[in-house]
Structures are given as structure tokens and as C-alpha cells.
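Subject: Structure handover

Dear colleague,

I am passing on the structure that we spoke about, and it is shown just below. After it come my notes, which take up a few places in turn.

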There are 2 protein chains.
Amino acid sequence: MVAMSQRRWIADARASLLVGEDVRLGDIDPESTPGYDGNKREGRRDLFAGAEQLGDYQERLYAAAEGGGAEDAVLLVLQGMDTSGKGGIVRHVIGAVDPQGVDLAAFKAPTEEELAHDFLWRVERRVPGAGRIGVFDRSHYEDVLIGRVRRLAPEEEIERRYGAIREFEERLAAGGTRIVKVMLHISPEHQRERLQNRLERPDKHWKYHPSDVDERLLWDDYQRAYEVAIARTSTPAAPWFVVPADRRWYARLAVQALLLETLEDIDPQWPAADYDIEAEKARLAAT
Amino acid sequence: MVAMSQRRWIADARASLLVGEDVRLGDIDPESTPGYDGNKREGRRDLFAGAEQLGDYQERLYAAAEGGGAEDAVLLVLQGMDTSGKGGIVRHVIGAVDPQGVDLAAFKAPTEEELAHDFLWRVERRVPGAGRIGVFDRSHYEDVLIGRVRRLAPEEEIERRYGAIREFEERLAAGGTRIVKVMLHISPEHQRERLQNRLERPDKHWKYHPSDVDERLLWDDYQRAYEVAIARTSTPAAPWFVVPADRRWYARLAVQALLLETLEDIDPQWPAADYDIEAEKARLAAT
């Protein structure tokens with residue numbers, strides 16, 4: 001179902017962006033805007049309208065769990081190369097929602113304590129509870145992306161992880177969590193521009209690390225690692241979406257649409273009162 | 001210093017709202033708008049302008065810690081009776097800031113595990129790290145508020161807690177955390193209206209609990225418990241501010257102003273690059 005508040009979608013965002021076993025990133029144009037028939041200006045207007053609808057859904061989702069015992073939750077997994085715009089999604093899409101209903105987890109290089117556990121340990125601790133929208137800014141997928149490219153674990157261990165991830169995500173889904181996995185897909189030219197921008201602006205210098213260029217030199221290896229990870233972990237319970245992200249406005253709009261469509265599916269309802277409304281009105285009036 | 005982006009303040013919000021040992025809540029009009037010379041419409045405009053400035057400060061605060069090793073952090077402690085508008089502050093003041101820089105902790109009735117520890121245990125785990133804005137929606141103060149009113153602990157233990165809180169907060173402050181403690185001050189008439197509203201609107205029924213009226217019947221005890229807590233824990237390192245909150249627009253504006261003035265004091269700076277900018281430009285261009 002097309003997100004109603006975003007008027008310029010001509011197709012379901014999920015159908016337009018879904019990938020699977022046969023994904024070829026090279027065949028997806030990072031400048032394209034699949035399913036959307038508007039320009040940047042219209043996209044911004046739709047993002048604004050969609051934010052209100054997303055906020056409304058979030059409040060219902062929360063209320064349905066809090067007051068009605070519903071177990072639905074949403075987990076957005078954000079992956080992408082450096083400068084692909086993960087932070088912008090968090091700020092502009094998630095940031096428009098009441099922070100009381102959002103659990104945001106940014107996964108950086110694991111600590112010593114985290115390394116002493118299975119790779120899913122730190123992730124398990126941050127999954128959203130019922131009624132909440134969880135966001136992973138990077139995730140357990142790093143363990144099969146940089147893990148694979150940088151050979152941080154033996155090959156058999158990397159192989160084992162794809163299966164462990166599938167089982168982990170299927171368990172979450174069975175518990176009521178809708179998982180939306182997004183790879184923000186940018187071109188290497190776009191990344192160069194963004195990194196140059198960070199080097200040119202004193203207020204952006206802190207965002208640049210010399211290691212960014214080291215990682216950039218392994219671009220093709222990372223693209224391949226993404227293709228393998230997507231192929232091995234695309235399931236009906238936890239599908240992957242590749243979102244072209246050279247146009248930031250589109251990427252934000254598309255992720256918002258994926259969330260809206262997911263929440264439309266859940267269709268959370270205001271829970272009924274579990275007390276006697278008229279009796280409470282009388283008690284209150286007497287105070 | 002008056003928050004520059006909020007044009008209608010005629011006095012520093014901190015000076016206008018600061019209370020101390022001799023606080024008398026009965027002498028503070030919940031409908032008043034101390035220090036502010038605008039109406040609701042102007043207040044909304046100022047809140048909008050202030051949000052942009054707050055977002056800018058938050059990013060600098062974060063960058064200064066991330067890239068420059070600064071240890072400054074901010075902790076906003078929100079207290080107030082039911083329906084005093086804590087949730088609205090989180091949504092409309094904190095919600096305007098990039099969620100990546102905010103640590104929000106809502107403290108509800110303690111769990112069994114939490115009760116098995118000292119009352120500060122669960123709070124200590126949620127204090128903001130360097131560069132972050134922490135928000136406590138309710139806090140360790142519940143342990144000397146409902147704790148006192150409902151006699152959940154012996155009198156000596158309640159007495160001990162005031163001192164423990166002072167020491168805890170002084171330690172945080174010594175580590176670089178600016179603590180801003182806010183009591184949202186409403187009238188009992190205002191609360192009745194808000195609770196009535198929750199009983200009248202089906203989309204608000206889930207927010208109402210019959211226990212809200214039970215607590216309401218202890219209004220005067222709670223006011224007294226607040227006065228004692230404020231008197232016993234007002235320190236230069238962790239001052240208390242009483243914010244009149246019958247006018248929601250003013251309460252939001254005032255809390256934003258308190259944060260802006262605190263961040264103006266910190267005056268966080270973009271950190272200098274810790275790498276050779278020209279060398280990195282050359283490396284990047286070669287990729």
C-alpha cells in the first residue's frame with residue numbers, strides 16, 4: 001500500500017526497493033528515485049506531510065502496547081558506506097518522531113567486553129520493546145561486512161554468522177517486531193564529494209577520519225560483501241531494501257515511506273479503557 | 001545571559017526561575033510567565049527560533065567531545081505532578097534536537113532488580129556521557145517525593161537520601177556535567193482539567209490511570225515534599241528551577257531557555273582537525 005500522506009509515490013516503496021538473493025548493486029543507479037514521481041521540492045513537502053503521519057502512527061503503536069498489551073514493534077536497520085546519509089535519516093526521519101517512542105542504538109567498533117561475547121550479544125540488548133520504534137545505526141551486519149572485508153574473523157565464522165542472523169531476526173519477527181533493513185546505496189563519486197566537503201569545512205573536520213580513505217580504497221570489496229550479506233539474509237520476515245542515496249532527499253523520503261507502509265500494515269489502534277470511565281469522571285469531579 | 005534567539009525575554013530565565021532553601025510553591029503563580037514579555041503566539045515563534053539554536057549548540061557540544069576530548073555534558077532533570085507537561089517538554093523541546101545527541105531516560109516504578117540496589121543505582125547507569133544532553137523524565141527525586149509521601153522507606157532513609165543526592169550531583173558536576181533541575185509547577189485546577197480531558201477523549205484513555213486520582217488526593221503532601229526536596233538539594237552545582245506550567249507554551253519556552261543559557265555558558269567549540277588536512281585532501285583526490 002502506498003503511504004497515503006506522501007502524494008507523489010506511484011508505487012509501493014517496499015515493492016520498488018525490495019531486493020533479494022540475486023541483488024546486483026551495480027545494476028541499481030544511486031541517483032535514481034524508484035517509485036517516486038516528484039522532484040526535490042515535492043519530496044520535501046511529502047517528507048513534511050509524512051512526518052506528521054509517522055508521528056501519529058508512533059503514538060498509536062506506543063499506546064497499543066502500553067494500554068492494550070499489543071506486542072508490535074518496529075526495527076529499522078540502517079547500513080551503508082561512510083557518508084551514505086545514515087545520520088541524516090536519523091535526524092530528519094526519526095528525529096520528527098516523539099523521542100519517547102524511539103530506541104536509537106549506534107553501533108561503533110565493539111568494546112573489549114562486547115568482543116568477549118558472541119557478536120549478537122550487544123545487539124540483542126538493544127532490540128526495541130513492544131510499542132517502540134528501534135533504530136540501529138549500523139548493526140550486527142558490520143560483523144559480516146567489515147568482518148568479511150578486513151578478515152576480522154575466520155571464514156567459517158563469517159559463514160556461521162549469516163545463519164545466526166537469519167535465526168535471530170526470525171525470532172524477533174515471531175515476537176511481533178517488524179524488521180526493515182535498509183542499505184543506503186551511494187556512488188563512489190558521491191562519497192568523494194562528501195568527504196571533500198568534510199575536509200573543506202572547519203565545522204565538519206571532526207567528522208573526517210583518515211581511516212575513511214583506507215576504507216574507501218576497499219569500495220568494491222564492500223559492495224561485494226553487501227551483496228553476499230543481502231543474498232544470505234533476505235527473508236520474508238526481515239527483508240532488505242536498497243535505497244538509492246545519492247539524492248539525500250529521496251533516501252529520506254523512501255525510508256520514511258518504508259516505515260509508513262510497515263506501520264500501515266500493523267495498523268495500531270487506541271486501546272480501550274480498562275477502567276470504568278463514568279466512575280472515574282465522578283471520582284475526579286469530587287476532588 | 002538571555003538566550004539570544006528567544007527575543008522576548010526581558011531577564012535571564014535562570015535568574016527568573018531559580019529557587020532555593022526558602023522556596024514556597026504557594027507563592028509562585030502557576031499561570032505566571034516570569035522573565036518573559038510575550039504572549040502565546042510570540043512564545044511559539046521564539047520556541048521555533050530557539051530550537052534551531054539549541055540544535056546548533058547540541059551539535060557543537062557533541063563535536064567538542066567526539067573530536068576534541070571535551071568533557072562537558074548537560075543533564076536536564078524533569079519533575080512535576082502528573083499532567084504537568086513533562087512529556088510535552090520532551091517532545092517539543094528535546095524532540096527538536098538531533099536524537100543522536102540525546103540520552104533520554106524515563107524512570108517509572110522501580111523493578112525488583114532496581115529495588116535490590118541503592119536508589120541511585122539505576123540513575124547512575126543513565127547519566128549522559130561527554131558531549132551529550134541527558135534528560136531524566138522523573139528521576140532519583142521520586143525516591144524523596146513519592147518515597148516520602150507514601151512512606152516507602154523509613155524516615156531516616158529518606159533523610160539520608162537528600163545528602164546522597166547532593167553528593168551524587170556534585171560528583172557529576174565536577175566531571176563536567178551541567179545539571180538543570182526543573183519542577184513543572186501546575187495548579188490543582190489545571191490538573192483536573194487535563195485529567196478530565198484524558199477521560200473524555202478515547203485517544204487519551206490509555207494515558208489515564210485510576211491511581212492518578214489517588215495521588216491527586218495527596219496534592220498538599222506532594223507540594224510539601226517538593227519544597228523539602230528543593231530546599232535540601234539546591235546547590236550551586238545543581239540548582240533547582242520552578243517553572244510555572246499552567247501555560248504549556250511558557251513552560252516549554254522556559255525549559256528551552258534554561259538549556260540555551262546553560263549551553264551558552266559552556267560555549268562548545270568545533271574541534272580542530274587532528275590530522276593533516278592538506279595531506280588528506282591529496283590522498284582523497286588520488287582515490
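Does Lys86(B) count as buried or exposed, and at what relative accessibility? Please keep in mind, while reading the answer, that this is a predicted model. Lys86(B), which is found in helix α3 (residues 86-92) of chain B, has a relative accessibility of 7%, and because buried means under 20%, Lys86(B) counts as buried. If its neighbours within four places in sequence are left aside, Lys86(B) is in contact with Leu78(B), Gln79(B), Gly80(B), Met81(B), Asp137(B), Arg138(B) and Leu184(B).

The next point concerns a pair of helices. Helix α6 (residues 142-149) of chain B packs against helix α7 (residues 155-174) of chain B at an angle of about 165°, and their axes are 10 Å apart. Since an angle over 145 degrees counts as roughly antiparallel, α6(B) and α7(B) are roughly antiparallel to each other, and the crossing in which α6(B) passes α7(B) is left-handed. On the side of α6(B) the contact is made by Asp143(B), Val144(B), Gly147(B) and Arg148(B), while α7(B) contributes Ile158(B), Arg161(B), Tyr162(B) and Ile165(B). Sorted by class, this contact has four nonpolar residues, one polar residue and three charged residues. Arg161(B), one of the residues in that contact, is 75 residues from Lys86(B) in sequence and 24 Å from it in space, taken from C-alpha to C-alpha.

Lastly, there are the strands. Strand β5 (residues 177-185) of chain B has eight of its nine residues buried, so it is largely enclosed by the rest of the structure. Strand β2 (residues 73-80) of chain B runs parallel to β5(B) and is joined to it by eight bridges, with Ala73(B) standing opposite Thr177(B) in β5(B). β5(B) also pairs with strand β6 (residues 240-244) of chain B, likewise in the parallel sense, over five bridges, and here Met183(B) stands opposite Val242(B) in β6(B).

With best wishes

Key: Residues numbered from 1 in each chain as written. Chains lettered and ligands numbered in written order. Predicted model: local features only at pLDDT ≥ 70, side-chain atom pairs only at ≥ 80, totals over all residues. Heavy atoms only, no water. Axes fitted to C-alpha atoms, helices over the stretch in contact; angles between N-to-C directions. Helix = DSSP H or I, 4+ residues; strand = E, 2+ residues; numbered from the N terminus. Parallel < 35°, antiparallel > 145°, perpendicular 65-115°, else oblique. Left-handed = near helix turned anticlockwise from the far one by under 90°. Contact = heavy atoms within 4.5 Å. Nonpolar A, V, L, I, M, F, W, Y, C, P; charged D, E, K, R; others polar. Buried < 20%, exposed > 50% of the residue type's maximum accessible area, 1.4 Å probe, protein only. Pairing = 2+ DSSP bridges.
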